[in-house]
Amino acid sequence: MTLPDLHTNRIDLKLVAEMVTPGSRVLDVGCGDGALLALLAETRDVDARGIELSREGVAGCVARGLSVIQGDADTDLTEYPDDAFDYVILSQTIQATRNPRFVLEQMLRIGRRAIISFPNFGHWRMRGQVFFMGRMPVTDSLPYDWWDTPNIHFCTIRDFVTLCDAVGAVKERAVALDAAGGRVGVSAPWWFWNLFGAQAVFLLKRG
Amino acid sequence: MSDFSASLADPLREANEPTSEVARFGPDTPLLMDCGVALDHWQIAYQTYGTLNAAKSNAILVCHALTGDQHVASRNPVTGKGGWWTAMVGSGKPIDTDRFFVICANVVGGCTGTTGPASTNPETGKPWGLFFPMVTIRDMVRAQRHLIDALGIETLFCVAGGSMGGMQVLQWAASYADRVFSALPLATAAKHSAQNIAFHEVGRQAVMADPEWRGGRYLEEGTRPSKGLSVARMGAHITYLSEPALHRKFGRKLQDREAPTFSFDADFQVESYLRYQGLSFVERFDANSYLYVTRAMDYFDLAADHDGVLAKAFAGTKTRFCVASFTSDWLFPTSDSRAIVHALNAAGASVSFVELESDKGHDAFLLEEPNLFATTRGFIGSAARARGI
């Protein structure tokens with residue numbers, strides 16, 4: 001799934017791309033139309049592979065020459081051997097998986113590093129909508145109503161850190177971006193990120 | 001260019017002296033077959049399109065399906081019709097003959113110029129018939145490798161094919177990984193399913209039940225098991241289609257009549273269509289060839305050659321793969337393609353996979369399918385960039 005806000009999204013993709021060592025082997029889980037894969041192939045010279053659920057997404061990726069298979073993050077990661085990739089990326093997709101913990105564990109098994117970016121449900125605008133309006137949040141970057149959203153497992157940055165601890169993942173890097181795409185204070189405490197980060201990007205490795 | 005006004009070729013003559021290029025091999029280059037036989041005198045008939053570049057790096061081998069032949073993109077001399085994959089192969093087509101050197105050869109066991117049961121056995125001077133050794137998909141690929149050697153091509157830029165052609169693509173990638181830069185197996189499987197073996201057996205029994213089959217010696221005795229082969233083709237043809245495609249094309253419409261005739265005439269259009277398919281098939285295809293080539297598909301099980309683990313067939317491969325299936329293909333369903341993809345993933349191979357939406361059944365890979373063409377163009381284009389051509 002890709003966020004409709006192209007500006008924010010591109011900063012998010014660039015941030016992910018910066019975390020990838022040039023020349024490495026990368027799997028992008030939920031690669032959508034292949035924007036990140038194309039960026040990685042062009043700027044980081046990586047061996048880029050993708051998995052995408054939608055038939056249209058895969059057909060588009062293959063037609064533009066990307067190495068992408070039609071598959072499901074929840075079921076198809078088990079097919080890959082241990083350490084098959086240097087990086088396994090889950091960009092704006094973890095909230096749409098049925099079993100985020102299992103997906104994260106599989107990513108850490110088949111990749112030496114995992115990169116996860118996700119929208120932060122703890123952002124002040126989200127909290128504001130719940131608190132003041134008593135409604136599930138709908139924002140520019142998350143425009144779905146609760147009954148038609150593909151995003152079934154929302155979390156906050158704090159929640160995600162708890163999951164990392166639960167699966168024994170080591171956080172090598174973490175970056176929070178505000179709604180405009182700027183970085184939230186690098187040395188700020190978690191609670192500050194959790195309030196002002198519209199989305200977060202984590203670089204993880206096995207503990 | 002082919003002369004479309006030319007008279008049609010005799011299929012019997014085509015089996016030995018085809019209207020194609022032919023590479024002939026003698027005892028110094030025997031065809032070593034899986035059944036243990038070494039064919040000392042054998043030949044392979046092939047067509048080429050486009051120009052081989054100086055580096056010999058732009059060759060694409062197209063592998064044909066069960067009843068196909070080497071005439072992939074040009075007039076078939078026996079039927080007078082165009083090639084069997086002109087939607088995909090030709091000038092400006094996804095497999096572009098302006099850019100690539102395309103090779104298509106008749107399979108071993110076939111009947112359009114490569115050695116098979118309709119060919120003359122040099123030891124007896126009679127048609128091989130059932131004395132021809134049993135053929136496997138790997139034998140077909142071995143024969144193609146000899147041809148590629150003879151053409152002086154070290155590495156094929158791509159090996160492409162659907163159905164049984166896709167089986168050959170997979171076998172090429174497994175047997176000669178270093179010689180296959182990219183592979184395009186379409187609507188295929190790494191093993192023939194029990195259901196598909198069952199369908200083939202019905203077809204073979206139909207041929208053998210025809211008294212004119214004469215225990216396989218019909219060519220010597222001057223007969224043809226046309227009824228049996230026709231029934232085999234009718235049955236098989238249904239498996240290449242889908243209920244939605246049949247319904248769209250025929251429904252329950254009647255053939256040239258207002259009401260059922262209360263007889264066993266071809267009242268329904270679908271019956272008339274199938275009868276025509278059967279009749280036109282027997283004019284171009286040898287019945288014993290049909291037995292041999294269906295058997296080769298039945299025996300195909302790539303994993304079985306690798307301790308039952310399909311991923312081992314592709315261990316360490318550097319070949320780039322693109323696998324595609326069709327939603328309505330129940331003969332080679334998407335699950336068959338997924339099994340290939342899972343094995344390739346487990347082997348760490350570069351693989352793309354897409355299930356394409358189509359209601360045309362197994363035959364979709366041969367037809368106008370824009371999504372298949374876009375996928376093929378993208379895959380071949382990116383492979384060509386990686387190959388530097």
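**Salt bridges and interfaces**

Tutor: Let's start inside a helix: B:Arg142 and B:Asp139 sit three residues apart in helix H2 of chain B, so about one helical turn separates them. Keep in mind that this is a predicted model.

Student: OK, and what do the side chains of B:Arg142 and B:Asp139 form?

Tutor: They meet in a salt bridge, with 2.7 Å from N to O.

Student: Is B:Asp139 buried or exposed?

Tutor: Buried, with a relative accessible area of 0%. B:Arg142 counts as buried too, at 18% relative accessibility, because the cut-off for buried is under 20%.

Student: Which residue does B:Arg138 form a salt bridge with?

Tutor: B:Asp34, and the closest N and O atoms are 3.1 Å apart. B:Arg138 lies in helix H2 (residues 137–150) of chain B, while B:Asp34 is in the loop between strand E2 (31–32) and strand E3 (38–39), so the pair ties together parts that are 104 residues apart in sequence.

Student: How accessible is B:Arg138?

Tutor: It counts as partly exposed, at 28% relative accessibility. B:Asp34 is partly exposed as well, at 32%.

Student: What about B:Arg217, which residue does its side chain meet in a salt bridge?

Tutor: B:Glu221, at 3.6 Å from N to O. B:Arg217 has a relative accessible area of 42%, which makes it partly exposed, and B:Glu221 is partly exposed at 39%.

Student: How many salt bridges are there over all chains?

Tutor: The count comes to 32. In chain A, a network of salt bridges links A:Asp83, A:Asp86, A:Arg112 and A:Arg206.

Student: Switching topic. How many residues of chain A are in contact with chain B?

Tutor: 19 from chain A, against 23 from chain B. The area buried between the two chains is about 1,600 Å², and carbon and sulfur atoms give 48% of that.

Student: Which residues in chain A lose the most area to chain B?

Tutor: A:Arg55, A:Gln70 and A:Glu79, which together make up 32% of what that side buries.

Student: And A:Arg55, which residue of chain B does it form a salt bridge with?

Tutor: B:Glu357, with the closest N and O atoms 2.4 Å apart. The count between chain A and chain B is two salt bridges, and 13 residue pairs are in polar contact across that interface, both residues being at pLDDT 80 or more.

Student: Which elements of chain A give two or more residues to that side?

Tutor: Helix H3 (55–63) and strand E3 (67–70) of chain A. H3(A) gives the largest share, five residues. By type, the chain A side divides into nine nonpolar, four polar and six charged residues.

Student: What area is buried between domain 1 and domain 2 of chain B?

Tutor: About 2,800 Å², with 63% of it from carbon and sulfur atoms. B:Leu66, B:Thr67 and B:His192 supply 23% of the area that domain 1 buries against domain 2, more than any other three residues.

Student: How many salt bridges are found across that domain interface?

Tutor: Two. B:Arg248 forms a salt bridge with B:Asp359, where the closest N and O atoms are 2.7 Å apart.

How values were computed: Residues are numbered from 1 along each chain as its sequence is written. Chains are lettered from A and ligands numbered from 1 in the order in which they are written. This is a predicted model: local features need pLDDT of at least 70, side-chain atom pairs count only at pLDDT 80 or more; totals for chains, interfaces and linings use all residues. Side-chain values use heavy atoms; hydrogens and water are left out. Contact means heavy atoms within 4.5 Å. Buried area is the accessible area (1.4 Å probe) that two parts lose on being put together, summed over both. A salt bridge is a side-chain nitrogen of Lys or Arg within 4 Å of a carboxyl oxygen of Asp or Glu. A polar contact is a pair of N or O atoms within 3.5 Å; within protein, one must be able to donate a hydrogen and the other to accept it, and residues adjacent in sequence count only if both atoms are side-chain atoms. Helices (H or I, at least four residues) and strands (E, at least two) are DSSP runs, numbered from the N terminus. Ala, Val, Leu, Ile, Met, Phe, Trp, Tyr, Cys and Pro count as nonpolar, Asp, Glu, Lys and Arg as charged, and the others, Gly among them, as polar. Buried means under 20% relative accessible area, exposed over 50%, partly exposed in between (1.4 Å probe, protein chains only).
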